[in-house]
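Please read them with the structure open.

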Amino acid sequence: LISRVAHEAAEKGILMFCSAGNEGSGQWGKITFPSDASDVLTVGAVTEDKKKSVFSSVGFTADYRVKPDVVALGSGSCVIDPRGNYAGGTSFATPILAGLGVCLWQALPRLSNKEIIALLQQVSSQAKRPDAELGYGIPNVYKAYKKGLEYAGNKR
């Protein structure tokens, strides 16, 4: 149900970011709901070395779509818990990318939510060979902006 609602929100033009989940080192291992929804940007987590975080859930979806779509820093993120320890997880990687994605959309308002997602996928480190662990990889938001300017200019 939650995945269908997330998909419906995306269909209405909302740019949805979703955590892939932290099941990577558990028995399930796979992405969690609603990260399997289509037209939702699912974010996994990586380490400072750009490797998949152990806990980050993996894809693909049941119908073989690439998930997570992209990844961001989730291990050793600059988030401190109440005890003063560094916290991590896909729940921290997702807002990092959501902030960048929303700024990108604000700079490119002629693009739709789905075009912003496609743009981020196209400029990611594994765009040519997405996989079930990192999806399309780490997005280069500056490249997305430059490419988006060209695309939006031709979209009048």
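**Notes on the predicted model**

1. Ser57 sits in the loop between β2 (41-46) and β3 (70-73). Is Ser57 buried or exposed? Its relative accessibility is 0%, so Ser57 counts as buried.

2. The largest nonpolar core holds 23 residues. Leu41, Val43, Leu104 and Leu120 have the most contacts inside it. At least two residues of this core come from each of β2, β3, α2 (90-107), α3 (113-122) and α4 (141-153). In soluble globular proteins, nonpolar side chains tend to be buried together.

3. Beyond its neighbours within four places in sequence, Leu104 is in contact with Ile116, Leu119, Leu120, Val141, Ala144 and Tyr145. Of these partners, Leu120 is also named among the core residues with the most contacts.

4. Of its 10 residues, 7 are buried, so α3 is largely enclosed by the rest of the structure. Which residues of α3 are buried? They are Asn113, Glu115, Ile116, Ile117, Leu119, Leu120 and Gln121. Against what do the buried residues of α3 pack? The elements are α1 (2-11), β2, β3, α2 and α4.

5. Now the charged pairs. The model has 4 salt bridges. One of them joins the side chains of Asp39 and Lys114, at 3.6 Å from N to O. This pair links distant parts of the chain, 75 residues apart. Asp39 lies in the loop between β1 (17-19) and β2, while Lys114 lies in helix α3. Asp39 is partly exposed, because its relative accessible area is 28%. Lys114 also counts as partly exposed, because its relative accessibility is 32%.

6. Two further salt bridges can be checked by eye. The side chains of Arg65 and Asp63 meet at 3.1 Å, N to O. Lys67 pairs with Asp69, with 3.0 Å between the closest N and O atoms. Are Lys67 and Asp69 buried or exposed? Both are buried. By contrast, Arg65 is partly exposed, because its relative accessible area is 28%. Salt bridges with shared partners also join Glu11, Asp39 and Lys114 into one network. Side chains of opposite charge can pair when their charged atoms come close.

7. Tyr142, Tyr145 and Leu149 make a nonpolar surface patch of about 310 Å². Tyr142 lies in helix α4. Tyr142 is exposed, because its relative accessible area is 57% and the cut-off is over 50%. Tyr145 is also a contact of Leu104.

8. Last, Pro82. Where is Pro82 placed? It lies in the loop between β3 and α2. Pro82 is exposed, because its relative accessible area is 89%.

Notes. Residues are numbered from 1 along each chain as its sequence is written. This is a predicted model: local features need pLDDT of at least 70, side-chain atom pairs count only at pLDDT 80 or more; totals for chains, interfaces and linings use all residues. Side-chain values use heavy atoms; hydrogens and water are left out. Helices (H or I, at least four residues) and strands (E, at least two) are DSSP runs, numbered from the N terminus. Buried means under 20% relative accessible area, exposed over 50%, partly exposed in between (1.4 Å probe, protein chains only). A nonpolar core is a set of buried Ala, Val, Leu, Ile, Met, Phe, Trp, Tyr and Cys residues joined through side-chain atoms within 4.5 Å. Contact means heavy atoms within 4.5 Å. Patches are made of residues with over 30% relative accessible area and no salt bridge: like charges are joined within 9 Å, nonpolar side chains (Val, Leu, Ile, Met, Phe, Trp, Tyr) within 5 Å. Accessible areas come from the Shrake-Rupley method with a 1.4 Å probe; for residues, only the protein chains shown count as cover.
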